[in-house]
Amino acid sequence: MKIVVLDGRTLNSDRNAWAGLDSLGEVAYYEISQPEDVLERAVGATILVTNKFPLRRDLIAKLPDLKFITVTATGFDCVDLDAARERGIPVSNVPEYSTHSVAQFTFALLLELCQQVGLHAEAVKAGEWTNQPDFSLRKTPLVELAGKTLGIAGYGRIGRRVADVASVFGMNVVAYRPSGKVDREGDSVATCTLDELFERSDVVSLHCPLTDTTKGMVNRERLQRARPGMLLINTARGALIVEQDLADALNAGEIAGAAVDVVTREPIPADNPLLKAKNCLITPHIAWTTNEARERLLESSIANIKAFLAGKPVNVVN
């Protein structure tokens with residue numbers, strides 16, 4: 001039994017942290033894999049472990065011994081699910097490890113847009129408060145969330161948790177569910193179309209998986225439906241947004257601001273239009289990376305492998 005970890009560094013670069021795999025088979029651990037290396041590394045593997053390294057049809061076809069793929073993430077768009085299904089290879093993800101962390105980070109981004117805490121703290125250190133006569137220094141308009149409408153695009157575990165937190169802030173919540181399913185019995189959150197979400201919301205927060213349907217769903221036409229003061233948050237997948245369209249909307253003042261933890265290409269290239277857009281906060285894909293979340297992710301990924309070996313795979317997405 002050969003288990004190959006293709007890109008373990010983003011989850012935990014300490015090989016000792018992966019010791020729970022050692023009793024399950026022969027383990028080949030790689031911090032990172034390049035496209036030119038992966039075939040040689042993966043040949044003969046029964047199980048592949050990937051975080052973001054893409055496993056596409058052509059590669060899967062060259063791995064006759066492959067029986068199981070586990071993704072050390074919630075999103076699984078890095079794997080060609082159809083190709084795996086055709087080979088009878090189950091693909092598992094870890095659906096719940098980051099729910100609290102991503103919801104928390106969503107509000108960290110939103111509160112920074114509304115309060116500009118970092119900007120004001122730096123102003124104090126720079127002497128701006130000291131060198132002016134008033135007891136209070138306000139550099140930007142500050143926004144209260146109570147009474148505002150939060151539109152959640154994607155109402156799974158994370159979206160529901162974000163809705164729970166929003167209610168504590170006194171926000172009204174509406175949701176767009178790409179699947180059309182009502183996930184929680186008795187949930188009082190109103191649903192609407194994606195167009196309606198942009199028309200009704202003061203804040204839109206994205207929590208959708210990346211699929212052919214959701215790719216580019218935030219585009220010029222949809223942004224033109226938004227309220228002028230709308231704020232956009234994305235902690236899901238960068239390609240949900242047409243980034244040039246968002247940059248144009250921000251620079252034209254068509255929406256008030258955006259905060260994104262993800263972009264279409266990562267790490268972010270120097271020519272990404274959001275880097276020069278007005279009122280755009282960008283963080284480096286860290287919503288999922290609290291110590292607690294990464295510990296849960298590693299434990300659950302190992303549990304996925306154990307379940308497969310026991311003949312009862314769990315968290316299968318294909």
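Visitor: Which residue in strand 2 does Ile3 stand opposite?
Guide: In this model, which is a predicted one, Ile3 stands opposite Val27 in strand 2. Strand 1, residues 2-5, is joined to strand 2 by four bridges, and these two strands run parallel.

Visitor: And what order do the strands of that sheet come in?
Guide: The sheet is an open one of five strands, arranged in the order 2-1-3-4-5 with parallel pairing. Strand 2 (26-29) and strand 5 (91-92) each have a single partner strand, so one side of each has no neighbour in the sheet, and these are the strands at the edges.

Visitor: Which helix packs on this sheet?
Guide: Helix 10, residues 291-309, packs on the sheet and touches strand 1, strand 3 (47-50), strand 4 (68-71) and strand 5. The direction of helix 10 makes about 160° with that of strand 4.

Visitor: I clicked on Asn304; is it buried or exposed?
Guide: Asn304, which is found in helix 10, has a relative accessible area of 1%, and because a residue counts as buried under 20%, Asn304 is buried.

Visitor: So what does Asn304 touch in there?
Guide: Leaving aside residues up to four places away in sequence, Asn304 touches Phe68, Thr70, Ser92, Asn93, Val94, Val314 and Asn315.

Visitor: Let me zoom out for a moment. How many helices and strands does the protein have?
Guide: The protein has ten helices and twelve strands. Its radius of gyration is 22 Å, close to the 20 Å that the globule rule gives for 318 residues, so the protein is as compact as a globular protein of that length. Along the principal axes, its C-alpha atoms fill a box of roughly 70 × 45 × 35 Å.

Visitor: What share of the residues is buried?
Guide: Of the 318 residues, 48% count as buried. If you take the contacts with a separation of 6 or more, 60% of them are accounted for by residues 24 or more positions apart.

Visitor: What are the partners of strand 10?
Guide: Four bridges join strand 10 to strand 9, residues 203-206, and four bridges also join strand 10 to strand 11, with the strands running parallel. Among the residues that face each other, Val203 stands opposite Leu231, Ser205 stands opposite Ile233, and Leu232 stands opposite Ala258 in strand 11.

Visitor: Which residues of strand 10 are buried on each of its faces?
Guide: Leu231 and Ile233 are buried on one side, while Leu232 and Asn234 are buried on the other, and both faces of strand 10 are therefore covered.

Visitor: Last one: what covers the buried residues of helix 9?
Guide: The cover includes helix 8 (220-223), strand 10 (231-234), strand 11 (257-260) and strand 12 (280-282). The buried residues of helix 9, which spans residues 243-251, are Glu243, Asp245, Leu246, Ala247, Ala249 and Leu250. Just after helix 9, Gly253 takes a positive phi of about 75°.

Terms used
Residues are numbered from 1 along each chain as its sequence is written. This is a predicted model: local features need pLDDT of at least 70, side-chain atom pairs count only at pLDDT 80 or more; totals for chains, interfaces and linings use all residues. Side-chain values use heavy atoms; hydrogens and water are left out. Two strands pair if DSSP finds at least two bridges between them. Contact means heavy atoms within 4.5 Å. Axes are lines fitted to C-alpha atoms, for helices over the stretch in contact, and angles run from 0 to 180 degrees between N-to-C directions. Buried means under 20% relative accessible area, exposed over 50%, partly exposed in between (1.4 Å probe, protein chains only). The radius of gyration is taken over C-alpha atoms; the globule rule is 2.2 Å times the number of residues to the power 0.38.
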